[in-house]
Amino acid sequence: MHFNNKVFIVTGASQGIGKELAYQLLQQNAKLIITGRNEDRLRLAKEELSSLGAVEYVVADMGVWEDCQRVADSTLTQYGKIDGIIHNAGMSAFGKVADMKREVIDEIINTNLRGVLYLTNLVLPAIRAQNGSVLFVGSIAGLHGLPDYSLYSLTKMSLTALAQSLHVEEAANGVFVGVAHIGFTENESVKKTLNASGEPVDVPRRNSLLTNSRQVTASSILKQLKRKKYWKLHSKVGLANHFMVRFFPRVLFTIFKWNYKG
Ligand SMILES: NC(=O)c1ccc[n+]([C@@H]2O[C@H](COP(=O)([O-])OP(=O)(O)OC[C@H]3O[C@@H](n4cnc5c(N)ncnc54)[C@H](OP(=O)(O)O)[C@@H]3O)[C@@H](O)[C@H]2O)c1
């Protein structure tokens with residue numbers, strides 16, 4: 001598959017991996033709609049990207065049906081077709097299940113799961129017409145439930161189930177569906193995660209040896225899409241985690257318990 005003149009929606013592309021995906025897609029002559037909730041950040045992203053090609057933005061909260069509808073409608077109005085969508089918008093939260101405020105539960109499930117379903121449902125008819133693609137951005141947190149990241153893990157693991165169902169459902173319609181489980185990727189300095197009370201806080205720093213650049217992660221995701229690989233792990237940590245989940249699940253639990261400070 002190539003991206004030349006293909007119309008793609010990239011959700012959550014005002015910063016981070018989504019913006020880098022947009023950058024690399026435009027370099028390959030795709031036409032884009034990018035989304036996010038913060039209009040100032042989206043406008044800035046559009047300004048940065050527009051010298052590379054056709055890009056428009058739609059301000060939309062993934063958890064709101066009407067917003068998702070506007071994303072689908074605006075894409076068709078702007079470009080007349082939809083060849084694919086990369087469900088990249090995502091939010092994480094940390095804290096014990098027992099301590100989570102209801103608002104945090106709702107926000108993570110609305111962003112990472114409900115919105116993904118809404119938008120997939122709304123764009124599939126147009127994507128079918130182009131024999132196009134749907135790609136979900138998952139995480140190594142979706143391979144095994146992580147302590148203190150239960151909400152994030154459950155929403156990312158659910159993407160595998162959704163991709164598995166859709167992969168079969170849509171095959172007869174000529175639509176490719178896949179899931180990209182990415183590993184630690186360098187974060188924007190402004191990136192936030194939610195604590196159990198719902199306050200946005202800085203994301204903990206990571207071991208740089210285990211962290212990919214956004215360029216490497218985005219390029220790997222686009223390669224998966226081009227090759228139409230249903231499922232791919234995009235990091236060495238992900239490969240190690242998958243191996244343990246598959247062959248040594250009890251050992252993995254023991255490791256988590258040892259390391260868990262509580
Ligand atoms: N970075 C990593 O190490 C890593 C590892 C594994 C998986 N991932 C996944 O990769 C994806 C991108 O991560 P990132 O690190 O680039 O995150 P990021 O820097 O926080 O960017 C997230 C993007 O999603 C948008 N967004 C968040 N909530 C939204 C909502 N409710 N509705 C619409 N847009 C929303 C944000 O814009 P607004 O805030 O303006 O809405 C922003 O554009 C996520 O799905 C994440 O879970 C990242």
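Which residue in E4 is the bridge partner of Phe-8? That residue is Gly-84. My other notes follow, and please keep in mind that this is a predicted model.

1. E1 covers residues 7-10 and E4 covers residues 84-87, and the two pair in the parallel sense over three bridges. Helix H4, residues 102-129, packs on the sheet here and touches E1, E4 and strand E5 (133-139). The direction of H4 makes about 165° with that of E4.

2. Now the whole sheet. It's an open one of seven strands, paired in parallel, and the order reads E3-E2-E1-E4-E5-E6-E9. At the edges stand E3 (55-59) and E9 (231-233); each has a single partner strand, so one side of each is left without a neighbour in the sheet. On average, and with direction ignored, neighbouring strands are turned by 15° against each other.

3. H3 spans residues 65-79, and its axis comes within 9 Å of the axis of H4, with a crossing of roughly 30°. Angles under 35 degrees count as roughly parallel, so H3 is roughly parallel to H4. The crossing of H3 past H4 is right-handed. From H3, the contact uses Trp-65, Cys-68, Gln-69, Val-71, Ala-72 and Leu-76, and H4 answers with Gly-115, Tyr-118, Leu-119, Leu-122, Val-123 and Ala-126. By class, that gives 10 nonpolar and two polar residues, with no charged ones.

4. H4 also packs with H5 (residues 150-171), at an angle of about 10° and with the axes 10 Å apart. H4 and H5 are therefore roughly parallel to each other too. On the H4 side you'll find Ile-105, Ile-108, Ile-109, Asn-112, Leu-113 and Val-116; on the H5 side, Leu-151, Tyr-152, Thr-155, Lys-156, Ser-158 and Leu-159. The contact of H4 with H5 has eight nonpolar residues, three polar and one charged.

5. H1 runs over residues 16-27 and H6 over residues 214-227; they pack at an angle of about 60°, with their axes 9 Å apart. That makes H1 oblique to H6. The crossing of H1 and H6 is right-handed. H1 brings Gly-16, Ile-17, Glu-20, Leu-21, Gln-24 and Leu-25 to the contact, while H6 brings Arg-214, Gln-215, Thr-217, Ala-218, Ser-219, Ile-221 and Leu-222. Sorted by class, the contact of H1 with H6 has six nonpolar, five polar and two charged residues.

6. Last, the ligand. There are 29 residues around it, and the ones that come nearest are Gly-12, Gly-16, Arg-37, Asn-38 and Gly-90. The elements giving two or more residues to this shell are H1, E2 (31-36) and E5. H1 gives the most, with three residues. By class, the shell around the ligand divides into nine nonpolar, 15 polar and five charged residues.

Terms used: Residues numbered from 1 in each chain as written. Predicted model: local features only at pLDDT ≥ 70, side-chain atom pairs only at ≥ 80, totals over all residues. Axes fitted to C-alpha atoms, helices over the stretch in contact; angles between N-to-C directions. Helix = DSSP H or I, 4+ residues; strand = E, 2+ residues; numbered from the N terminus. Parallel < 35°, antiparallel > 145°, perpendicular 65-115°, else oblique. Left-handed = near helix turned anticlockwise from the far one by under 90°. Contact = placed C-beta atoms within 7 Å. Nonpolar A, V, L, I, M, F, W, Y, C, P; charged D, E, K, R; others polar. Pairing = 2+ DSSP bridges. Near = placed C-beta within 6 Å.
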